[in-house]
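Subject: A structure to look through

Hi,

Here is the structure I promised to pass on to you. Have it open beside this message, and turn it around as you read.

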Amino acid sequence: MSEPPRTAGTPPGTATRRDGAAPILEAHGIDKQYGQVQALKGADFELYAGEVCALIGDNGAGKSTLIRILAGVENADAGTIVFDGEQVRIEDPTKARALGIETVFQDLALANHLDPIQNMFLGREKMRGGLAGLLGFMDAGAMRRQGEATFKKLGAAVVNFTGPVEGMSGGQRQAVAVARAAAWADRVIFFDEPTAALGVVQTKNVLDLVRRTAREGIGVVFISHSMPHVLEVADRIQVLRHGKRVATFDAEGTTIDQLVGAMTGALDNREETP
């Protein structure tokens, strides 16, 4: 089991991996409080391009809060975010998307009455050229060709591109949400519990999609309560407990017992310095 690529207290923008690569995305000292509840207490995080980094922790550890902040859905009370070595402010999801960051939340945020292609281009419709585009006519053919090519490239388990997504299985709906994110993410994708409530075959398809996405050079953050899925798909694993990061593992050679120990506090020798 290797040591984390950085420790608490390393200045922003200076973390490097053993192969010399710098993180694409970093968070340092992130605080977030809701009333009397301190959800994040100086949380740190980093992500490298082309890796699947799992973010784990018990309920209330701060995982979803951290991701929502990095995705621009919420703003931190304190701390810094570094993207491509530059400190940035991600005030809203529009800013995150401009940086090439996409998120697949647990509720998927799909428009049930629309088909997979329409969902992929929702809010990003391609318009026809010339006067037709100026008059508001969309280029449905171009969107369908690009959308189907994206699904094929990712190996997404979607065969019906014309029916509404409300009639699809849970795994197919997940595939639509993942493909939509992958179609627009240049740099980072967050997956929040993407295999929750899926069957065995559907789960395998989603995990395969996660791996393919990372192989495109995109940094993938994978949140899950399933330790077998985490060890199957992740390259690195970062553990949150009580609102802060307490351990970082290389997935290879790490056991479920070690992960559970870090989540529960049994492996306090792995804790980073405050």
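This is a predicted model: local features need pLDDT of at least 70, side-chain atom pairs count only at pLDDT 80 or more; totals for chains, interfaces and linings use all residues.

**The four-stranded sheet**

Start with the open sheet whose four strands come in the order β2-β1-β4-β5, paired antiparallel. Strands β2 (37-47) and β5 (86-88) are at its edges, and each has a single partner strand, so one side of each has no neighbour in the sheet. From one strand to the next, the twist averages 30°.

Inside this sheet, β1 (residues 25-34) and β4 (residues 78-83) run antiparallel and are joined by five bridges.

Next, follow β4 onward to β5. These two strands pair in the antiparallel sense over three bridges, and Ile81 has Val88 in β5 as its bridge partner. Together β4 and β5 form a hairpin with two residues between them. Which residue in the turn has a positive phi? It is Asp84, with a phi of about 55°.

**The six-stranded sheet**

There is also an open sheet of six strands, in the order β6-β7-β8-β3-β9-β10, and its pairing is mixed. The edge strands here are β6 and β10 (244-250), each pairing on one side only. On average, neighbouring strands of this sheet are turned by 20° against each other, with direction ignored.

For a parallel pair, look at β3 (residues 52-56) and β8 (residues 219-223), which are joined by four bridges. Ala54 stands opposite Phe222 in β8.

Which strands of this sheet does α1 touch? Helix α1 packs on the sheet against β3, β6, β7 (188-192), β8 and β9 (236-241), and its direction makes about 130° with that of β3. Helix α9 (residues 256-264) packs on the sheet as well, touching β3, β9 and β10. The direction of α9 makes about 30° with that of β9.

Now find helix α5 (residues 140-154) and helix α6 (residues 170-184). They pack at an angle of about 105°, with their axes 10 Å apart. Angles from 65 to 115 degrees count as roughly perpendicular, which means that α5 is roughly perpendicular to α6. On the α5 side, the contact is made by Gln146, Thr150, Phe151 and Leu154. On the α6 side are Ala175, Val176, Ala179, Ala182, Ala183 and Trp184. The residues of this contact divide into eight nonpolar, two polar and no charged.

**The largest pocket**

Last, the largest pocket holds about 420 Å³ of space. It is lined by 21 residues, and the closest to its centre are Arg97, Glu102, Thr103, Arg124 and Arg180. Which elements give two or more residues to the lining? They are α2 (93-98), β6 (101-104), α3 (116-120) and α6. By type, the lining divides into 14 nonpolar, three polar and four charged residues.

Enjoy exploring, and write back with any questions.

Best wishes

Notes:
Residues are numbered from 1 along each chain as its sequence is written. Side-chain values use heavy atoms; hydrogens and water are left out. Axes are lines fitted to C-alpha atoms, for helices over the stretch in contact, and angles run from 0 to 180 degrees between N-to-C directions. Angles under 35 degrees count as roughly parallel, over 145 as roughly antiparallel, 65 to 115 as roughly perpendicular and the rest as oblique. Contact means heavy atoms within 4.5 Å. Ala, Val, Leu, Ile, Met, Phe, Trp, Tyr, Cys and Pro count as nonpolar, Asp, Glu, Lys and Arg as charged, and the others, Gly among them, as polar. Two strands pair if DSSP finds at least two bridges between them. On a 1 Å grid over the protein atoms alone, a cavity is a set of points where a 1.4 Å probe fits but cannot get out, and a pocket is an open set with protein on both sides within 12 Å along at least five of seven lines; lining residues have an atom within 4 Å of a point. Grid points are joined across faces, edges and corners, and a volume is the space filled by probe spheres set on the points.
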